[in-house]
Amino acid sequence: MKNIGLYLHIPFCKSKCPYCDFYSFSGKSTQKDDYTRVLKERILSSTFTLQSSYSCKADTLYIGGGTPSVLGEKNLASLVNACNSGFLTDDAEITVECNPHGLDEDFFKILSECGVNRISLGLQSAVDSERRILGRLSDRIQVENAVKTAQKVGFSNITLDVMLGVPNQTEKSLKETLDFCISLDVPHISAYILKLEENTHFYKMKHKYNFPDDDLTADLYLQMCEELENHGIMQYEISNFAKTGAQSRHNLKYWHCEEYLGLGPSAHSFLRGKRFYFDRDFQSFMNGDSPIQDGLGGDFSEYAMLNLRLAEGLNEDKVINRFGHSIPDEIYEKSKIFIDNGYMQKTDNGLSLTRKGFLISNTILSEIL
Ligand code: SF4
């Protein structure tokens with residue numbers, strides 16, 4: 001078994017952002033400590049089974065949520081240490097998602113000492129009026145301080161989340177956000193187009209907000225790709241951009257359709273060809289309930305769909321290596337119309353979507369696969 005990725009879901013946030021559909025709630029401090037204890041027990045039992053039955057290790061650990069930083073540095077360090085007791089490889093990429101609000105030097109020092117080597121910070125926008133609409137608790141200065149404090153402690157691998165399609169966003173305000181990211185010299189940016197998810201405040205109140213229309217959102221996306229590329233932050237996935245060598249190794253596992261174990265309510269896993277997930281239910285996880293089986297995964301269609309999210313696209317050699325056959329002719333035939341119209345391209349050894357194609361990736365993928 002190859003090295004896998006390990007994901008821990010921390011289901012706590014100080015407050016709920018109006019666009020967010022992730023599983024999280026505010027939680028009491030006793031719940032956070034209890035959750036850390038239960039999650040540690042799950043980490044130790046799951047990783048013991050994987051090591052003893054399959055001699056398997058993880059070379060990436062991603063602590064996401066929710067807002068992992070609300071657990072506090074000591075709880076986070078104890079979770080990393082539990083994973084580290086023999087299960088993580090020496091060169092593992094260890095990422096912790098943080099909300100920039102109230103992070104000091106001690107916080108980053110303790111994370112660094114226990115082996116965390118990558119920090120993900122939720123910026124969304126550097127324009128404070130946009131940040132307020134998005135329900136972010138910190139202002140631009142606090143984000144800047146958090147990045148600089150992390151850098152001072154020695155973190156060079158930092159990623160910022162940016163959002164496109166925010167109410168009132170313009171090309172000028174997006175430029176302000178991108179200039180801010182570039183000035184902080186971070187090597188990785190994740191940039192997501194805001195999607196109105198059911199059960200969110202934005203969805204229910206959409207008539208009250210001035211969301212950019214589809215044309216402006218597409219322009220913002222293309223503007224961002226170009227601007228980041230001009231500064232050496234290259235697109236490697238629909239929503240992800242990095243300087244050379246700073247791509248997220250953990251997220252690449254998802255897009256390469258490799259194996260991962262997810263622990264925590266709502267966390268998904270793909271192991272030994274099977275998909276399963278924990279219910280979006282805190283108490284169920286605390287009670288030790290088993291994950292829900294979600295069928296088989298990793299067939300050619302799924303593999304192709306995930307790989308076509310990447311700028312490198314679908315590669316013949318890798319397909320042959322994994323499935324014992326080349327990319328089916330039918331896929332090349334169905335891609336032709338998209339190639340002719342500039343949405344896809346033939347690469348040296350396969351197929352990929354162009355930037356214009358990324359904007360309508362769902363349509364393309366459902367047509368060709
Ligand atoms: S901080 Fe992140 S996970 Fe929490 S509500 Fe906001 S967007 Fe969702």
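In this predicted model, strands S13 and S15 (residues 350-353) pair in the antiparallel sense, and two bridges link them. On the S15 side, glycine 350 is the bridge partner of asparagine 315. This pairing belongs to an open sheet of three strands, ordered S13-S15-S14 and paired in the antiparallel sense. Strand S13 (314-315) and strand S14 (344-347) form the edges of the sheet, as each pairs on one side only.

The domain assignment divides the chain into domain 1, covering 4-254, and domain 2, covering 313-369. Taken over C-alpha atoms, the centres of the two domains are separated by 30 Å. The two domains also meet: four residues of domain 2 are in contact with five residues of domain 1. On the side of domain 1 that touches domain 2, the classes comprise five nonpolar residues, with no polar and no charged ones.

Attention can now turn to the ligand and its surroundings. Three cysteines, Cys13, Cys17 and Cys20, are among the residues that surround the ligand. The surrounding residues also include Lys16, Phe22, Ser24 and Thr67, along with Asn99. Glycines contribute as well, namely Gly65, Gly66 and Gly122. Sorted by class, this shell around the ligand contains six polar residues, four nonpolar residues and one charged residue.

Note on methods: Residues are numbered from 1 along each chain as its sequence is written. This is a predicted model: local features need pLDDT of at least 70, side-chain atom pairs count only at pLDDT 80 or more; totals for chains, interfaces and linings use all residues. A residue is near a molecule or strand if its C-beta atom, placed from the backbone, lies within 6 Å of it. Ala, Val, Leu, Ile, Met, Phe, Trp, Tyr, Cys and Pro count as nonpolar, Asp, Glu, Lys and Arg as charged, and the others, Gly among them, as polar. Two strands pair if DSSP finds at least two bridges between them. Helices (H or I, at least four residues) and strands (E, at least two) are DSSP runs, numbered from the N terminus. Domain bounds come from an automatic or database domain assignment. Two residues are in contact if their C-beta atoms, placed from the backbone, lie within 7 Å.
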